[in-house]
Amino acid sequence: MQLVLSLSPIDKPQVEGDASEWLFHEVGGVPLLVRVIATAWKSGCTSALVLHSKSHSVENLKRRLSSGLLAAFRIETIARDHHFDPNSPSDWKSIESHLEPRFLWLPWNFVPDRRLLKQMVAAGQRSHAGVRFAFPQESTTTAMPVVVVKERLSRNGQLSRYLDDSSLARIIDREAPGWTVHSRQTARQAEHALVRRSGKEWDGIYSKFNRRLCWPLVRWLSKTSVTPNMVTFSGLAIAMWSGYWFAQGHWGAYVVGALLYFATVLVDEIDGMLARNTFRESAFGCWLESFVDYATYVPLFGGMTLGLTRQFGNRWMGLGIVLLFGTAMTCLVAVRHRKLATSPDRPEQYLPRYYRLLQNDSGSITSKFVRHVHLFLKKGVLCHYVLIFSVLGTLPVFFCMAVFGSNLAWLLGLYTSRLFRAPSPMGGMQNPIQSVNLKGGLL
């Protein structure tokens, strides 16, 4: 689908200062216009048509839009003698030859919510009338995203009249579809909202709690040169420090180790949120994050093994070996699952596909059991248990539970491997859910 946007102010918002200066004002570490176009790209648009007046520097626009984040995205620019008016039939007629049969109209300073925009683009590809957001007052405005069918727009002539068409599909959501940026205050509001919405749809209550703790740091990191991969490696370093404290073998050290492990999990959340917020998602980043996720279990459980052996005797060393074996097997099964379930360039699709297959196989008691207990095997939940048991002085109880749980996890993982070999109800191995940087649990 084509993206169409005009660099003239939409509905003449009161832009703080010169509107041209706001084109590349950074919002969450990404220039505003680049963020708007990149969000549409990540939501399913395949090209962009940018309309601008001759007062804008053509060379500067092309240079800023054809490098960096948007280097691989096809963008066509059209310089006009005057601002493009979406309610002028003659203006639409003048660019008719450049429009695809369906296109996404997006205001230049509107930062859309990626989930809702993706939903709109997907619905627009199927709709014969067009798609717009619905509001309680049923008001229509050209300052909001809308999927337009060119043939119908030509009959209406004006975008506002087109939006009044009752046959348009409507997307209703309690959340805001996006945020208009026209001042420093609204830019900050958009940054806060983007970070709040940088989680995943299937996040459980524990992950949502963890992410709230990360919001301030993600907002700050978005404006620095720190990359998500740097954050990922820092999590491994903190995990090794956590293991050192667990190995000391007394209550105070266990609490310090648990707090550091909790920090490791927060770092694990931050790298994904940062990648999504700054459009730096990649297949390599997903695999790297998964590898580091699994690697952090070694200092955690290894440190616990040494600490409990030092405190209570050598019998805990044997249990620790069993625990590390179960953990390693579980991680290997998870890697195999990811390879079976996804293509090399889309490893992030693993968890949503896994959950869907378990749900489709709900007739099996084992699959139903795995679906319900999988939440409790994720790192975002595990860190809470580690901290609680450490503070209460009952770490040996948690350790025994982990020995049993890790070995049960890989056995159940081997059983559910059969689901990945079964034909997909969607007609293949691909998952329509497009998300990035999924966090790996023990399964």
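Residues are numbered from 1 along each chain as its sequence is written. In this predicted model, local features need pLDDT of at least 70 and side-chain atom pairs count only at pLDDT 80 or more, while totals for chains, interfaces and linings use all residues, and side-chain values use heavy atoms, with hydrogens and water left out.

Colleague: In what order do the 7 strands of the open sheet stand?

Modeller: Strands here are DSSP runs of E with at least two residues, helices are runs of H or I with at least four, and both are numbered from the N terminus. Two strands pair if DSSP finds at least two bridges between them. The pairing in this open sheet is mixed, and the order is S5-S4-S1-S6-S9-S8-S10.

Colleague: Which strands are the edge strands?

Modeller: An edge strand of this sheet pairs on one side only. That holds for strand S5 (74-80) and strand S10 (169-171).

Colleague: Which residue in S10 is the bridge partner of Arg132?

Modeller: Strand S8 (residues 130-133) runs antiparallel to strand S9 (residues 146-149), joined by 3 bridges, and there Arg132 stands opposite Val146. S8 also pairs with S10 in the parallel sense, over 3 bridges. In S10, the bridge partner of Arg132 is Arg170.

Colleague: Is Ile321 buried or exposed?

Modeller: Ile321 lies in helix H14 (residues 315-341). Buried means under 20% relative accessible area, exposed over 50%, and partly exposed in between, with a 1.4 Å probe and protein chains only. Because its relative accessible area is 53%, Ile321 is exposed.
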